[in-house]
Amino acid sequence: MKIVNIGVIAVCAIVMCTTQLCAQTKKDDKTKNEQPLELPEFVITGVEAIDVPGGAKQTPRTAARLTQNDLDRFNSLEKQTPRMLPAPRMPLLTLPSQQSNGFVRGEFGLFTSPAVDVGYHLTAGDFDLYARGGGVFSSGHVTNAGFTDFRAGLDASYIAPEKFFFFGGSKTDSYVSFRRRGYKLYGVDGSAESVPERSTVEIEGGVRTVGGFENVGYDMGISIETMNLSQNGTSPNPAVSGNTNTSNNLISAHLGLKAGSESFKLGGRVNADVQSYRNNNMYFVQPMATLDLNSGTVLATLEVGGQFTQNSVGESQTGFMANARLEYRASSALTLKGSFATGLQPNAFQTMLRENPYLSDSVRVQYSNMLVNTGLQVIVHPTTAIQISVGGQVKVVNALPVFRAEGSLIKTNPPVFIPSGSFYAWYVDATVSQFQAEMVWRLSESDAITMQGQYSSASLRNLVGVTEQPSVPYIPKIQVSVSYQRFWTSAFSTTLDVIYIGERKVVNESEQKLSGYADLRFAAEYVFSDRLSAFVRFTNLLDQKVYAWQGYIERGRFGALGVTVKF
């Protein structure tokens with residue numbers, strides 16, 4: 001199967017067919033998230049997501065500008081953050097207003113780190129278009145730690161006129177994006193000349209149509225993701241030596257139908273992923289039946305189906321999946337949520353590489369089996385100025401991928417592990433229990449404080465030859481963050497963040513651990529006019545030693561200043 005060629009052709013077709021694809025839903029269609037409740041796996045950001053019907057009829061509006069995650073990548077720790085770290089927080093930067101169609105934002109930081117972001121929105125007929133791009137360069141805080149990151153994209157939304165039969169009044173969203181990153185395996189134990197250099201190229205495109213005709217609603221879409229990883233250079237360790245080229249191409253498609261009333265909907269859905277990785281074909285097909293109930297105060301969703309998969313080494317696996325979600329809106333001040341899920345979980349090489357950019361280019365890719373994933377969340381609004389959320393989650397999973405550093409062990413007393421700079425995926429059985437709490441308190445019209453915390457108990461299961469099952473790597477027991485934001489005047493604002501990450505275990509024979517750390521951050525912004533603002537930001541002011549991955553020390557104190565121009 002030549003998925004590479006198919007992927008390139010399909011991406012082009014997605015852009016061309018945007019003018020013809022459309023869908024419809026009723027204005028009062030209260031579409032809900034069909035996925036089971038997934039409590040935040042790690043410390044959350046404190047921003048409540050609003051559930052907006054994806055296919056609701058609405059007039060075109062200005063596309064959203066860069067999200068906080070888009071902005072939080074200037075620091076290398078923020079650029080290549082492992083999943084256990086909390087979402088980075090940014091200063092109260094003024095994003096382009098609805099009166100501005102475009103913006104340019106630039107900054108220059110320590111370690112020769114310039115960065116720029118651009119965006120422009122326009123409306124052409126029934127199309128709402130938003131183009132975006134940007135790039136960042138850094139010479140690096142230690143030898144060989146420099147990197148580059150460039151990206152561009154185009155998003156489009158289309159609402160079809162009512163005159164179109166079946167599709168009238170519907171909404172179609174599509175996108176195309178490109179990203180290229182360059183960096184080195186600076187965690188390699190060797191001379192500067194022998195450090196391998198990597199580059200990744202990602203091209204993505206997709207289109208989704210959500211709509212309905214008469215009493216039948218539908219949701220269909222397709223996306224193409226292609227990633228190419230090139231590595232050049234030699235190293236003392238054979239595991240990361242030589243020139244290699246690895247590609248992963250993924251085509252995902254789905255089709256869902258629902259029929260019924262606002263209070264009762266019955267339907268079906270099919271999800272299908274087909275991908276190629278290192279000349280091996282993989283697939284993940286999931287047909288299911290769906291049920292939605294809505295009494296106004298109680299909302300419930302249920303998905304039940306089968307799963308048919310094949311991993312990167314040709315092993316086939318079938319399974320049963322079930323997702324259930326229950327939400328009880330007791331009052332405007334109290335909401336209860338519960339969930340349960342079981343079944344195989346999709347996976348891809350590019351997914352793991354985005355999480356750990358130092359992953360070996362020859363890892364095995366297989367699907368985790370979520371035996372049990374159950375959670376409970378309580379959201380309380382005692383006043384309009386305070387929101388409190390507490391919740392817990394328990395997961396029992398087989399074949400969970402964790403990252404283990406490749407390298408050599410020096411048998412001293414105690415033993416010393418010398419990392420090679422790359423990691424391989426180790427699939428383990430694990431039980432993970434987590435408790436999260438968050439409070440957002442708007443002290444006044446000018447300032448607010450957000451406090452978040454998480455306690456985790458994560459242990460491996462079924463390891464042979466050990467009396468006590470060790471903890472899951474890279475998951476700290478304690479994570480805490482506090483953020484204080486204040487507008488001193490209508491033009492001047494500041495943000496102060498304190499983030500604490502507890503000790504984390506890594507996986508190797510010497511049982512090494514990564515020490516906990518506290519990251520103190522400060523940022524300020526001054527708005528000169530509707531068109532111009534300037535900001536300054538600092539991270540890791542306490543100059544803590546931060547390791548995102550074993551062998552990879554991140555920046556110490558870092559500062560940057562920049563401006564935003566809107567037009």
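Predicted model: local features only at pLDDT ≥ 70, side-chain atom pairs only at ≥ 80, totals over all residues.
The chain has 567 residues, of which 49% are buried. Its secondary structure comprises four helices and 26 strands. Among contacts with a separation of 6 or more, 62% join residues 24 or more positions apart. The chain exposes about 25,900 Å². Carbon and sulfur atoms supply 61% of that area.

The nonpolar interior was examined next. In soluble globular proteins, nonpolar side chains tend to be buried together. The largest nonpolar core in the model has 34 residues. Within this core, the residues with the most contacts are F349, M352, Y358, F423 and W549. Six elements are listed as giving two or more residues to the core: β7 (216-232), β10 (280-294), α4 (349-355), β15 (386-410), β16 (416-442) and β24 (547-549). A second core is separate and has eleven residues. Among its members are L400, V402, V472 and I475.

F349 was then followed in detail. Residues up to four places away in sequence are not counted here.

F147 lies in strand β4, which spans residues 147-159. F147 counts as buried because its relative accessible area is 3%, under the 20% cut-off. F147 and S113 are 34 residues apart in sequence. Their C-alpha atoms are 9.4 Å apart in space. S177 belongs to strand β5, residues 171-184. The relative accessibility of S177 is 17%, so this residue also counts as buried. With residues up to four places away in sequence left out, S177 touches R132, A152, G153, E202, I203 and E204.

A399 is not a glycine, yet its phi is positive, at about 60 degrees. A399 lies in strand β15. Its relative accessible area is 12%, so A399 is buried. N540 likewise is a residue other than glycine with a positive phi, near 50 degrees. N540 sits in the loop between β23 (532-539) and β24. At 4% relative accessibility, N540 counts as buried.

Technical notes: Residues numbered from 1 in each chain as written. Heavy atoms only, no water. Buried < 20%, exposed > 50% of the residue type's maximum accessible area, 1.4 Å probe, protein only. Contact = heavy atoms within 4.5 Å. Areas by Shrake-Rupley, 256 points an atom, 1.4 Å probe, with all protein chains shown as cover. Core = buried A, V, L, I, M, F, W, Y, C linked by side-chain atoms within 4.5 Å.
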